[in-house]
Amino acid sequence: MAFVFLAMTVVSLLFWTSRLPSVWVTSYAAVFDRGEWPSLFGSLFVHADISHLLSNAPMLIIFGYILHGYFGYLVFPFLCLFVGALTNLGTIYFMPPQTQLIGASGMVYAMVAMWLVVYMNFETHYPFRTRLMRAVGFTLVVMIPTTYQKNVSYLAHGMGFGLGILFGVVLILFMTPQNHQSDQVESFTKS
């Protein structure tokens, strides 16, 4: 978690001081016209200013820690970065060609959605209705913005959240959380 945040900080500092090539910023024109596909990943590390970087940092660190704790390195950082790039791809597809996209917000929204799906599936000591109300309440309070800013891509937030739900379902179908493996083995050997 700290390594990803540190990488974002360094790349953003280089961007702010104009020492970064344009391939780190993504757009429809960059990807589809010029073939700069790596920009889908690189732009996750670039932030407009310190407040943009710090607005993504807490959620990135918290949910990166949670997802890594449940599933290991395969999910965080690797799957999360892939979903972040996929979010960028979907977002720029619907944006005007020259509109540039930077930041990790779409990836962060995807990470939160993945965690919510994991929570809904594994916290079975609460009734389904309670889990659902908690997930919806968390989403409404924490993930829905209360103000509108013209330079924020709410499309990226929504796209990331939707892809996060999809990949969260994939996680629970095809991966066993690391902290649940020993419980399953113990219960299996005791039978």
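Contact here means heavy atoms within 4.5 Å. This is a predicted model, in which local features need pLDDT of at least 70 and side-chain atom pairs count only at pLDDT 80 or more, while totals for chains, interfaces and linings use all residues. Residues are numbered from 1 along each chain as its sequence is written, and side-chain values use heavy atoms, with hydrogens and water left out.

**View 1. Val112, tucked into helix α6.** Val112 sits in helix α6; helices are DSSP runs (H or I, at least four residues), numbered from the N terminus. Is Val112 buried or exposed? Val112 is buried, as its relative accessible area is 0% (buried means under 20%, exposed over 50%, partly exposed in between, using a 1.4 Å probe and protein chains only). Setting aside neighbours within four places in sequence, Val112 is in contact with Met59, Phe63, Phe138 and Met143. Gly168 is 56 residues away from Val112 along the chain, yet their C-alpha atoms are separated by 9.5 Å.

**View 2. Where α6 meets α8.** These two helices pack at an angle of about 35 degrees, and their axes are 6 Å apart. The axes are lines fitted to C-alpha atoms over the stretch in contact, with angles running from 0 to 180 degrees between N-to-C directions. On the α6 side, the contact includes Ser105, Gly106, Tyr109 and Ala113, and on the α8 side it includes His157, Gly160, Phe161 and Gly164. By class, the contact of α6 with α8 has 15 nonpolar, seven polar and no charged residues. For these classes, Ala, Val, Leu, Ile, Met, Phe, Trp, Tyr, Cys and Pro count as nonpolar, Asp, Glu, Lys and Arg as charged, and the others, Gly among them, as polar.

**View 3. Where α4 meets α6.** What is the handedness of the crossing where α4 passes α6? This one is left-handed. The axes of α4 and α6 come within 9 Å and cross at roughly 35 degrees. Among the residues making the contact are His52, Asn56, Met59 and Phe63 of α4, along with Ser105, Met111, Val112 and Trp115 of α6. The contact of α4 with α6 splits into 15 nonpolar, four polar and no charged residues.

**View 4. The largest pocket.** How much space lies in the largest pocket? The figure is about 860 Å³. Rolling a probe the size of a water molecule over the atoms shows where empty space is left. On a 1 Å grid over the protein atoms alone, with a 1.4 Å probe, a pocket is an open set of points with protein on both sides within 12 Å along at least five of seven lines, and lining residues have an atom within 4 Å of a point. Grid points are joined across faces, edges and corners, and the volume is the space filled by probe spheres set on the points. The largest pocket has 36 lining residues, with His52, Ser105, Val152, Ser153 and His157 nearest its centre. The elements giving two or more residues to that lining are α4 (50-71), α6 (105-122), α7 (128-143) and α8 (154-174). Of these, α4 gives the most, with five residues. The lining of the largest pocket is made up of 19 nonpolar, 16 polar and one charged residues.

View 5. Most residues other than glycine have a negative phi, and most peptide bonds are trans. The bond from Phe76 to Pro77 is cis, with omega near 20 degrees. Phe76 is buried, at a relative accessible area of 2%. Not counting residues up to four places away in sequence, Phe76 touches Met1, Val4, Leu60, Gly64, Leu67, His68 and Met111.

View 6. Ser18 lies in the loop between α1 (2-16) and α2, and has a positive phi of about 60 degrees although it is not a glycine. Ser18 counts as exposed, at 66% relative accessibility. Glu36 is in the loop between α2 (28-33) and α3 (39-42), and counts as buried at 17% relative accessibility. Leaving out neighbours within four places in sequence, Glu36 is in contact with Ser22, Val23, Ala30 and Val31.

Technical notes: A crossing is left-handed if the near helix is turned anticlockwise from the far one by less than a right angle, and right-handed if clockwise.
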